Amino acid sequence: IKNTNLNHLFILDNLEDALYFLDDLNNLNQKISCHLLPSSERIQSGDNNVILERINTLNNIIQRKNTCVITDFKTIKEEIITKKAFEEKQIKIQTGNKIHLNKLIEQLNDFNFRNTNFVLEPGDFAIRGFIIDIFSYSNDIPYRITLDNDIVEGITSFEVASQVSVNQVTEINIISNIENDLDAKDKTTFFSYLPADTILWVNNPSVFFENNEGADKVPLKEDD
């Protein structure tokens, strides 16, 4: 896998098998970029970490080669956000850039972020003078943006409980909840994110293609 410099998609029978396989791959070679694509159904049971996992998987498959995505039959048949809509649900912030605070607040409101006194969970943001705290759905801890008037002076991630800074960065993407309020035109299959040379591994093809339920989700490359 490491030497192919290609993306790999592994489709297992169920979530439990996918988790075990992901753990095995990570133990075999920690240098391989491996990501789980979990089912969105877990969000309905209150597991918001699924949103973070799904965002990170989409980001990695878009941005790099030699990425392994592990999922299961049920999940791969779900519809997900299109690339275009995914890009539209992001706000890029860089140190040294100018921020129009009212416009930023408007964008966050459009993304259904909540204006709170303190950020506690993804989807929260708080503004205190020249300090903006934002908890993106793409990160497991929030960001603190410090301004010099309307210029971004610094960006750090920090722990919610202790308020202690963790990492200083120069650029972030604030991403909203990609599972909310999607129109039909903003939905696609995960296969649309994969390059044409992606290697597909199916643990049990007879189950995946049973009654042609999986066949219509796999894009077929047309002959030249």
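Visitor: What percentage of the 224 residues in the protein chain is buried?
Guide: Buried here means under 20% relative accessible area, with exposed over 50% and partly exposed in between (1.4 Å probe, protein chains only). This is a predicted model, where local features need pLDDT of at least 70, side-chain atom pairs count only at pLDDT 80 or more, and totals for chains, interfaces and linings use all residues. Residues are numbered from 1 along each chain as its sequence is written, and side-chain values use heavy atoms, with hydrogens and water left out. Of the 224 residues in the protein chain, the buried share is 43%.

Visitor: How many helices and strands does the protein chain have?
Guide: Both are DSSP runs numbered from the N terminus: helices are H or I with at least four residues, strands are E with at least two. By that count the protein chain has 7 helices and 14 strands.

Visitor: Which residues of α1 are buried?
Guide: Helix α1 covers residues 15-28 and reaches 20 Å from its first C-alpha to its last, close to the 20 Å expected at 1.5 Å a residue (the expected span is 1.5 Å times one less than the number of residues). What covers the buried residues includes β1 (8-12), β2 (33-36) and β3 (67-72). The buried residues of α1 are Ala18, Leu22 and Leu25.

Visitor: Why are they on the same side of α1?
Guide: The arc is taken from the directions from the helix axis to the C-beta atoms. The buried residues of α1 are Ala18, Leu22 and Leu25. They lie on the same side of α1 because they cover an arc of only 65°.

Visitor: Is Ser157 buried or exposed?
Guide: Ser157 sits in strand β10 (residues 151-158). Leaving aside neighbours within four places in sequence, its contacts (heavy atoms within 4.5 Å) include Asn139, Ile141, Tyr143 and Val166. With a relative accessible area of 6%, Ser157 is buried.

Visitor: How many residues apart are Phe10 and Trp201?
Guide: Rings of Phe, Tyr and Trp (its six-membered ring) pair if their centres lie within 6.5 Å; planes under 30 degrees apart count as stacked, over 60 as edge-to-face and the rest as tilted. Phe10 and Trp201 form a stacked pair, 5.5 Å centre to centre with 15° between the planes. Phe10 counts as buried at 6% relative accessibility, whereas Trp201 is partly exposed at 42%. The pair links distant parts of the chain, Phe10 in strand β1 and Trp201 in strand β14 (residues 199-202), and they are 191 residues apart.

Visitor: Which residues do ring pairs link into a cluster?
Guide: A search of the whole structure finds 4 aromatic pairs, including the stacked pair of Phe10 and Trp201. Ring pairs link into a cluster Phe10, Phe21 and Trp201.
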